[in-house]
Structures are given as structure tokens and as C-alpha cells.
There are 2 protein chains.
Amino acid sequence: MPAIIQYTTRGLEFNTGKLAWFSVVLMILREMPVAQGVWPMPQMMTQSSEAYLLNPQEFTFQYAKDSVVQPGCSVLDIAFKRYFTLIFPAYSGGNAKGDPFTVVLNVGSGGCDGYPDEDSKENYSLLVSAGNGVLTADTVWGALRGLETFSQLVYQDDYDVYCVNKTVILDFPRFPFRGILLDTSRHFLSVHAIMKTLDAMAYSKFNVFHWHIVDDPSFPYQSYSFPDLSDKGAFHRFTHVYTQTDIRRVISHARLRGIRVLPEFDSPGHTQSWGKGQPGLLTPCYRGTVPSGTFGPVNPTVSASYQFMARLLEEISAVFPDSYVHLGGDEVDFSCWKSNPDVRDFMEKMGFGADFTKLEAFYMENILKIAVALNKTTVLWQDVFDYHENIPMETVLHIWKGTPAQYRDEMSRMTEAGYRVLLAAPWYINHISYGQDWRNAYTVQPLNFTGTEEQKKLVIGGEVCMWGEYVDATNLMPRLWPRASAAAERLWSNEEQTFNVTEAYPRLAEFRCRLVRRGIRAEPLFVGHCDEVPPCLQPSRSMLSRVPERKPFASFCA
Amino acid sequence: MPAIIQYTTRGLEFNTGKLAWFSVVLMILREMPVAQGVWPMPQMMTQSSEAYLLNPQEFTFQYAKDSVVQPGCSVLDIAFKRYFTLIFPAYSGGNAKGDPFTVVLNVGSGGCDGYPDEDSKENYSLLVSAGNGVLTADTVWGALRGLETFSQLVYQDDYDVYCVNKTVILDFPRFPFRGILLDTSRHFLSVHAIMKTLDAMAYSKFNVFHWHIVDDPSFPYQSYSFPDLSDKGAFHRFTHVYTQTDIRRVISHARLRGIRVLPEFDSPGHTQSWGKGQPGLLTPCYRGTVPSGTFGPVNPTVSASYQFMARLLEEISAVFPDSYVHLGGDEVDFSCWKSNPDVRDFMEKMGFGADFTKLEAFYMENILKIAVALNKTTVLWQDVFDYHENIPMETVLHIWKGTPAQYRDEMSRMTEAGYRVLLAAPWYINHISYGQDWRNAYTVQPLNFTGTEEQKKLVIGGEVCMWGEYVDATNLMPRLWPRASAAAERLWSNEEQTFNVTEAYPRLAEFRCRLVRRGIRAEPLFVGHCDEVPPCLQPSRSMLSRVPERKPFASFCA
């Protein structure tokens with residue numbers, strides 16, 4: 001679908017048209033703050049210089065009469081309060097200038113008390129004209145996206161006057177899965193830090209929080225079936241755990257923002273911390289003929305391991321409402337299995353020879369059966385596909401390794417085999433480097449691999465991974481934002497309209513300032529400062545006609 | 001001088017001695033928090049396992065009767081209050097366990113209302129025994145260093161009991177100049193962010209805040225002689241400037257922590273923002289025979305430039321009490337000078353031929369004369385030495401460029417010529433990379449260059465530079481800390497005792513946790529968490545004798 005984005009096309013006219021005039025305009029614009037805009041860029045957006053002043057005292061959200069969803073809808077009732085504060089941050093209840101304005105919501109289906117899931121539609125349309133905005137969406141989750149967009153259209157001048165321009169937006173996400181992974185095992189992250197991340201995710205229209213909750217270093221998930229797991233495997237059994245209440249709070253906070261919570265319980269590797277509270281679960285490693293005292297991956301040769309996993313996954317399935325569960329399967333080190341005589345006996349008995357990938361596949365098959373029985377869709381790291389042929393077709397495969405050439409090749413092979421895939425490899429955002437490395441995240445082309453149109457449709461989205469080796473609450477936010485927002489635009493917007501980093505720079509710089517104003521410690525892209533917002537003048541006809549040069553930056557009050 | 005650091009030498013015994021026993025001890029220690037210690041490591045330190053419980057209600061700082069400094073000493077009176085809170089962070093005035101304890105200060109000279117400067121001695125000794133600590137220092141600045149050390153010796157258990165071990169420390173800095181550069185031109189930093197940095201600097205015993213206050217992007221220094229400089233050259237004339245009051249607050253906050261404030265007004269390059277408020281100062285660039293409308297470095301061919309600089313530097317000299325002033329002189333681009341016919345005429349008249357370094361030298365010579373007349377010691381970036389032979393011998397040269405081989409060669413040549421040097425090149429800490437890059441800052445050997453003992457004595461210290469291209473208040477603290485602390489130990493401590501990164505790791509990790517407890521957003525070194533502090537048991541003789549294995553970690557209560 002073609003985009004009608006006024007300021008983009010006008011900008012192109014400048015470049016190719018009258019250069020001298022362009023210089024004059026540039027001179028003017030340098031004195032003006034950068035363009036306001038919506039991030040990630042909507043699929044279709046038209047704005048005019050016609051602006052309306054908003055009076056916070058006479059600003060309301062309303063449900064349309066024919067909306068399926070009406071007052072009492074928890075998700076939206078709460079969102080109205082949240083977005084009122086985001087739209088009018090400086091409003092403290094005093095007298096305010098501006099005119100009455102109503103945002104009317106028309107939502108085509110219910111589900112106010114449910115959870116967003118893989119099939120949730122997020123499309124919406126937004127029409128802003130004199131005195132009102134009309135936000136239409138198929139679902140409450142789409143309505144949330146539209147509210148976020150509306151909040152980004154409103155700006156404020158130095159005199160506390162808020163305004164919004166005449167706007168038409170038709171919008172929908174490019175991919176249904178737009179995730180962020182936080183790793184709460186390598187460093188514990190407080191519920192507060194997680195909820196702050198969820199807030200920021202909503203601002204960039206991310207919709208999946210992939211909670212890599214446990215791993216080798218610590219097991220902070222407080223299980224009611226196996227309390228010893230966190231009692232003995234967490235960094236601290238009281239201060240560094242997620243209680244069931246904590247988890248409900250996170251899931252609820254996410255739900256209210258249209259964000260799914262995808263828990264990961266990675267096995268059989270990455271489970272060192274599990275062994276502390278579940279003796280017998282891990283494989284004892286041997287030095288020669290005697291146990292060395294160290295442990296390897298989950299022991300795949302004893303039925304107790306599967307009984308434990310079944311009970312744990314049953315609990316997880318009940319605690320986390322999402323239809324997906326991530327079961328890991330990556331980076332299994334065979335050296336411990338090889339050292340253990342009982343494992344070697346089992347290999348022989350099963351006819352696996354010396355091929356430990358067969359043992360690994362045997363384990364994963366059993367685990368996947370448990371997940372299927374629990375009616376969950378499993379996500380697995382790519383390793384399982386790489387060594388195993390009999391993965392259930394419903395499984396989602398998660399690509400995390402390699403160069404662009406390598407992960408593209410992997411995408412081709414996985415989709416050719418008919419699997420749905422999720423791309424994380426180019427978005428390991430914990431890897432930092434000096435300079436504007438948001439560009440790396442921005443210029444990824446997730447569908448640039450060899451395959452048919454049908455294969456491309458199997459790419460359900462992408463994920464920004466913030467692994468925790470060097471990250472805790474002290475540095476999480478500036479490392480994540482706004483670099484993750486660069487990936488967010490790639491996953492939401494039309495790639496053809498948003499691939500130029502030079503055009504993206506001022507928009508992302510402005511969005512980053514918006515994050516800062518909203519209390520997110522998003523780091524700067526480069527030299528500069530957060531501009532004061534432009535003056536919001538009364539948009540009389542005569543004024544508009546006097547300053548036509550400013551129209552390209554249509555989201556300013558003229 | 002030999003160091004007597006009990007836990008270090010004991011640790012070595014473990015490594016070379018009974019390995020089996022070592023494993024057992026390691027098993028125990030893994031269950032225990034890491035060693036507490038002092039960062040940067042004192043020159044000489046002995047601790048015993050004898051521990052004393054401190055009762056905040058009966059804890060006092062006192063001046064010794066024969067101390068030259070007595071109550072009313074602003075720097076120390078205020079430091080007592082500050083360190084009381086740092087030592088007893090959880091104390092809220094209620095009943096507390098422990099015994100009376102007095103820290104007695106004996107300071108050998110006055111200067112309580114003065115400023116630290118290049119010759120200020122910072123040596124101190126600290127003896128902690130039953131019921132008291134004796135802190136002896138030549139100056140109040142040394143006393144501040146000793147108070148910081150004492151504060152790092154005290155620890156607290158889960159039951160709010162504070163304790164300190166019997167300790168003997170003799171300490172002094174390896175280098176007199178241990179600086180941190182903040183760049184407030186590429187991004188503005190609030191006075192709050194600067195003061196928070198000064199707080200953290202004191203915790204690592206840094207003693208110079210190099211304030212790179214202005215540069216090309218913005219001029220936030222609000223000059224009373226030339227108010228247009230910030231009115232027109234700051235990012236915002238009201239919100240993004242340092243008023244004279246702001247500057248006094250920064251200097252005062254620094255003084256109370258024994259930190260010098262070294263202002264930098266870099267010229268003739270890096271002055272784009274100056275030109276906005278001082279028309280005629282910068283060289284007009286030409287395209288062919290007509291001015292292009294852009295400007296280059298300060299115009300060195302007109303006397304007005306020197307008159308302006310003289311008046312500005314006169315103001316700066318009065319505003320900043322330190323005897324040093326940094327006048328930059330780096331990265332002068334000749335292309336604009338070359339393009340300007342008036343500059344070319346001047347070159348010819350002066351007999352400089354086509355050698356623009358001579359013009360540059362001419363400019364710097366005039367500027368240095370102004371500084372000499374103002375009785376200031378000038379610091380210059382190395383570029384000036386590289387192109388100019390007649391630099392006054394009192395000048396301090398600041399090395400910022402090149403590989404280790406290159407900066408070592410530069411140090412040899414500068415010190416051979418008899419200049420004092422300051423090393424920054426290996427500590428451009430704004431350059432980030434993935435992983436434990438604190439090790440790079442730690443393993444610098446500032447005196448590892450070819451030269452005589454006399455030459456080595458000319459190295460006055462080093463500086464950690466946090467250039468501001470990608471840094472503002474959102475990410476400053478975690479980028480600076482604890483990576484800068486790694487450099488701090490190199491600049492304060494004995495290199496032979498502190499060169500092993502493996503030994504430094506647990507100490508720095510613990511110090512980083514201390515920074516976090518003190519409210520500094522210092523990022524983690526690697527996987528893990530901030531340990532709960534160890535239980536502070538009543539140190540009865542019988543208990544001490546029962547657990548001799550713990551002695552190596554002498555700063556625990558046994």
C-alpha cells in the first residue's frame with residue numbers, strides 16, 4: 001500500500017527541486033525544533049498544518065455508541081487515564097487554554113478482560129479533525145496502539161498550550177510478534193525495572209515481553225510446586241526472587257499495555273542454578289571413573305527428570321496465560337554427558353551410538369510432548385532445528401546465531417521446512433559498540449532471504465535481546481532505549497518508507513526526547529539536546545498562509 | 001615501600017600451598033560474600049580479624065587536642081556529617097547495638113577555607129583499634145582521603161550492626177593529578193549530574209574535575225563580561241547554561257571533597273559556538289574569492305581576537321580559583337585559514353610562508369602570555385607540543401592521542417624536553433566496547449616509557465575523559481562508574497600490588513556495590529549480584545579461634 005506521508009514527500013521535493021530556496025528553508029528550520037512525529041512510523045499517515053488547541057479540562061475519551069466495547073472495559077478505561085497523563089504531562093488541574101476535544105473510540109470486538117495473544121489484531125485508524133479524534137480498531141489491543149499514536153501527535157508549547165494537527169492515519173503492524181527479551185538470571189531485575197521496560201515497550205509498540213527468567217547463574221522464579229528451586233538457586237531467596245504476586249503484577253502490567261508475557265524455561269542446558277534446589281536433576285559429570293562433583297545439563301536418561309519437567313511446565317502453563325512457552329534447547333554441552341558411564345550405557349541401549357545430538361533430540365522430544373499436552377505452542381532456539389528433524393510443525397523457531405548470510409540461510413531452510421520463525425540474531429542489543437549503533441538495528445531486512453512469498457509469511461517477527469551479562473537496573477534503560485526503538489520501527493513499519501537512517505535520525509532523536517520526557521532514561525543518539533517544543537500559535541487562516549514554508553513539518557502548529 | 005596486605009599474601013599461600021585445603025576453603029568462601037576492602041588500594045594496609053562493633057549513637061569524629069585544625073574547620077566539619085551518613089546508611093536514630101567509638105583527627109596544617117591545588121599533600125595514616133580510630137594527615141585534603149578510607153572499612157550485617165576491624169594504614173597517592181573530564185558542550189549536564197559525579201569521584205579518590213565546559217556544539221558558560229556567548233551559543237539561553245551561581249556551587253561542592261576544578265576554554269579550534277555570540281572572533285572561510293558564510297578557528301590575525309581572549313581569560317581566572325587553566329590548542333583545521341585572503345596576507349607579512357603551524361604557534365604564544373600574566377599554569381593538549389617548540393617550561397602537556405607505543409614515545413620526548421605531562425590517551429572512557437573493558441583502564445602502565453627517573457617524575461598523573469558525543473545525564477553514571485574507578489586505582493595505588501585483573505575483580509565488584517549502595521548508578525562488571533554484607537558476629541576470642549580459615553578475608557567480622 002502506498003504511503004502518503006506529507007513531510008517525507010515534501011522533503012524529497014526539497015532535495016531535487018529548488019536548491020537555493022532549500023537553503024533558505026534550512027536556515028529557518030535550523031532555528032526551529034526538529035519535526036515531531038510518530039515512532040514507529042504508521043503505515044499511512046497524512047497531516048495538514050491545520051492545528052487545534054486542546055484544553056485538558058475539556059478533553060475526554062469516549063466510547064462510540066456503536067462500539068462493541070463500552071465503559072467498564074478494564075484495558076481501555078485504565079488506558080484513558082494513563083494516556084491523559086502522557087498527553088498532558090504539565091497539566092496540574094488549573095485553568096487551561098484551548099478548545100473542547102473528544103477522542104471517540106470504536107472497537108469492533110470485546111476481550112477487555114482477556115490477554116493479547118498471537119492472533120490479536122492491532123490495526124487501527126485515527127482521524128483527527130476539529131474538536132475530535134475518531135479511533136477505530138478491531139480489538140482493544142489495536143485501540144491501545146491507536147491511543148499511543150494519538151499521544152504522540154499532541155505537543156505542547158512553552159506556555160502550556162497543547163495542540164494537535166488535522167491527521168489521517170491508517171495503521172497496522174508489519175509483523176505480529178515484536179518482542180524484547182530481558183534476562184533476569186545473569187542479573188536480577190526488580191519488578192519496578194521490568195514494569196518500566198513494559199511502559200517503554202508500549203511507547204514503541206512492542207507487544208511481547210520474552211522473560212528469560214532463569215538460567216545458569218540464578219533461578220529467581222519462585223515455584224509453588226518446587227520452592228527449593230529459588231530458595232537454593234536464586235541469588236537471594238528473599239530479595240532476588242519473583243513471587244507469584246510479582247509475576248501476576250508483571251503479567252497484569254503487560255496486559256494493560258497489550259503486551260504478551262512469554263516465559264522461557266530453557267533446558268536441558270543453561271540449568272546450573274536448577275540443580276541446587278532439585279538434586280538429581282542434572283547429570284553428574286565424571287573425572288575418569290569417579291564423579292567430579294560438578295554437574296552438566298539435565299539428565300535425559302532418568303524418568304525423574306521428565307516427571308519434574310512435566311510438573312514444572314504444568315505450573316508454568318497455569319501461571320503464564322500466553323499460548324506460547326519458550327523451552328530453550330540451545331547450547332547443550334556434551335562433555336558432561338560423555339563423561340558419565342550411566343549416560344553412555346543409556347546411549348548404547350537406545351542405539352544412539354556416539355551421536356549425542358540424538359540424546360539431545362530424545363530429551364527435547366519428550367519435553368515438547370509435555371508442552372503439546374498442555375496445549376501450548378513451543379518456541380525453541382534454532383539449535384534444536386539444527387540437530388533434530390522431528391520437531392512438531394506448530395513449533396516456532398528462534399534464530400539467534402550468525403552473520404546476516406548465516407541467519408538468512410537459516411531462515412530459508414526453516415521456512416522451506418514449513419516452520420514459523422522469529423528473528424533475534426541481528427538484534428542482540430546487549431552487544432554495544434561506540435557510536436551510532438542504533439543504525440545496525442535499524443537497517444536489518446528481516447525478509448531478505450531466499451524463499452517464496454509463502455515462506456516469507458512464516459516469519460512472525462523479531463526480537464530484541466538484552467542478555468544480562470553486563471546489564472542490571474543501573475544501566476538497563478539507557479542500553480535498551482532508544483536502540484530497541486530502532487528495531488521497533490523495522491518490525492512495525494513499512495520497510496520501504498523507513499529504511500533511510502538519515503531520514504530516521506531526526507525522528508528517532510525526537511522520539512528519544514519524548515521517552516526522556518516520559519521518564520525513560522533513553523540515551524542520546526549524538527551531540528545535541530532535547531529541543532523545546534515549538535510554540536503552538538492560534539492557527540488562524542491568515543497565519544497559515546503567511547508561513548507556507550513550514551508546512552513540510554506539518555505536525556507543528558504553523 | 002613493601003606492602004603488608006594480609007589478605008593478598010595469604011591468598012598467595014593458598015595458591016602455592018595445600019591445594020586440597022584450598023578447595024575446601026573455596027567451597028566455604030563461595031557461600032560467603034566477597035571480601036570487603038578499600039578501593040583504590042592503600043599503599044600499606046594491615047588488617048586483623050579482631051573486629052569492633054560500632055554504635056552510631058555513640059560514634060563521634062573529634063579533632064585531636066594537638067591538631068592544628070580544630071572545630072570550625074569548614075571542610076572537615078561538613079565531611080564529618082557526610083561520612084557519618086555514608087558509614088551508617090541505615091541508621092535512623094533508633095536504638096543501636098555496639099560500643100562507643102571515636103575517630104580522632106590530627107591534621108598538621110590549616111587551610112580549611114582554601115582550595116586544594118597542585119601541591120596539596122594527600123597522605124594520611126589511619127590506625128583502628130578498640131574504641132577508636134586515629135587519623136593523621138598533613139592537610140585537610142589528606143584527612144578527607146583518610147575519612148573515605150575509614151568509611152570503606154566499616155560494614156554492616158543484616159541486623160543493622162556495624163563493625164570495623166583492627167587496621168593499620170599508611171597511605172599516599174602515587175600521582176598528584178588524578179582527573180576526570182566531563183564535556184558539557186556536546187551535551188549539557190545539569191549541576192546535579194556534575195555534583196553527583198564529584199561525589200563518586202571522592203569515593204575513588206579522584207582529585208581534579210577537568211571541566212571541558214565549552215566547545216563547538218554549545219557554549220553553556222554564562223560569562224559576565226560577554227553574556228552573548230551563552231545567550232547565543234548555548235543550546236538554550238536559560239535552561240542550558242551555567243550561571244555564575246551554578247559555577248560557584250560546583251567549585252564549592254568540589255572543594256569540600258578535596259577536588260580541584262580545572263576549567264578548559266579550548267581555542268583557536270573547537271570554538272564554533274563562540275562565534276555566535278562574538279561576531280568577528282572566528283575566521284570567515286572563503287569559497288574562491290567570496291566569504292562562504294561559514295567560519296573556522298579564532299581569527300589569529302586581528303588584535304581584537306587577543307583583546308577578547310584576554311578579557312575572557314581574566315574573567316575565567318577570577319571565577320575559577322585553581323592555579324591551572326586548560327587552554328586546549330588541539331585539532332586546528334587549517335583549511336579555513338588557507339581559504340581566507342586576509343589570513344594569507346598576514347602569513348606573508350609575518351614570514352610564515354605556507355606553514356600554518358607557525359600561525360597556530362603565533363596564536364598560542366599570545367594566548368599563553370595572557371595566562372602567564374594572570375599567574376596561571378597552563379595545560380595544553382599535546383598538539384601544541386607537536387608543532388611548536390617555544391612552549392613555556394611551566395606548561396603542563398596533556399597527551400590524548402595514539403596507541404600505547406605512540407603515547408609512550410610522546411611521553412619520552414616531552415619529558416626529555418623537561419615538560420610535565422598528564423596522560424589521558426589510554427583513558428578515553430567514552431569509548432565503550434562489549435565486555436569487561438574496565439580491564440583496559442586498569443592495566444595501563446603510565447610510567448612504562450623510555451626515560452630517566454627524573455623524566456618519570458615529570459608525569460604528574462592521568463585523566464579519565466568522558467567526551468560527550470553520546471553521553472548525557474541519562475547514561476553518564478553507568479558509563480563512568482566503575483570503569484573510571486579502575487583508572488583511579490592505577491593513579492593512586494602501588495602498581496606492583498595492583499596490576500592483576502583477576503585479583504582486582506572481586507575488589508572492584510565489591511566497590512561497585514558500595515557505589516550502588518551510595519546511590520551511584522555504577523554498572524555491573526559481570527554476572528552476579530550485590531552480596532548481602534556478611535554477618536557481624538560478636539568477636540569473642542573463642543569464635544575467632546574456631547574459624548581461622550576466614551582470616552584471609554580479614555575485613556569480615558570473623
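Is B:Glu50 buried, partly exposed or exposed, and what is the relative accessible area? B:Glu50 is partly exposed, at a relative accessible area of 30%; that class lies between buried (under 20%) and exposed (over 50%), with a 1.4 Å probe and protein chains only. This is a predicted model: local features need pLDDT of at least 70, side-chain atom pairs count only at pLDDT 80 or more, and totals for chains, interfaces and linings use all residues. Residues are numbered from 1 along each chain as its sequence is written, chains are lettered from A and ligands numbered from 1 in written order, and side-chain values use heavy atoms, without hydrogens and water.

**Around B:Glu50**
- B:Glu50 sits in strand β1 (residues 44-63) of chain B; strands are DSSP runs of E, at least two residues.
- Its C-alpha is 8.9 Å from that of B:Ala130, 80 residues apart along the chain.

**Helix packing in chain A**
- Helices α9 (residues 303-319) and α12 (residues 356-373) of chain A pack at about 35 degrees, axes 10 Å apart.
- Helices are DSSP runs of H or I, at least four residues; axes are lines fitted to C-alpha atoms over the stretch in contact, and angles run from 0 to 180 degrees between N-to-C directions.
- In the contact (heavy atoms within 4.5 Å), α9(A) supplies A:Tyr306, A:Met309, A:Ala310 and A:Leu313.
- From α12(A) come A:Phe362, A:Tyr363, A:Asn366, A:Ile367 and A:Ile370.

**Two copies**
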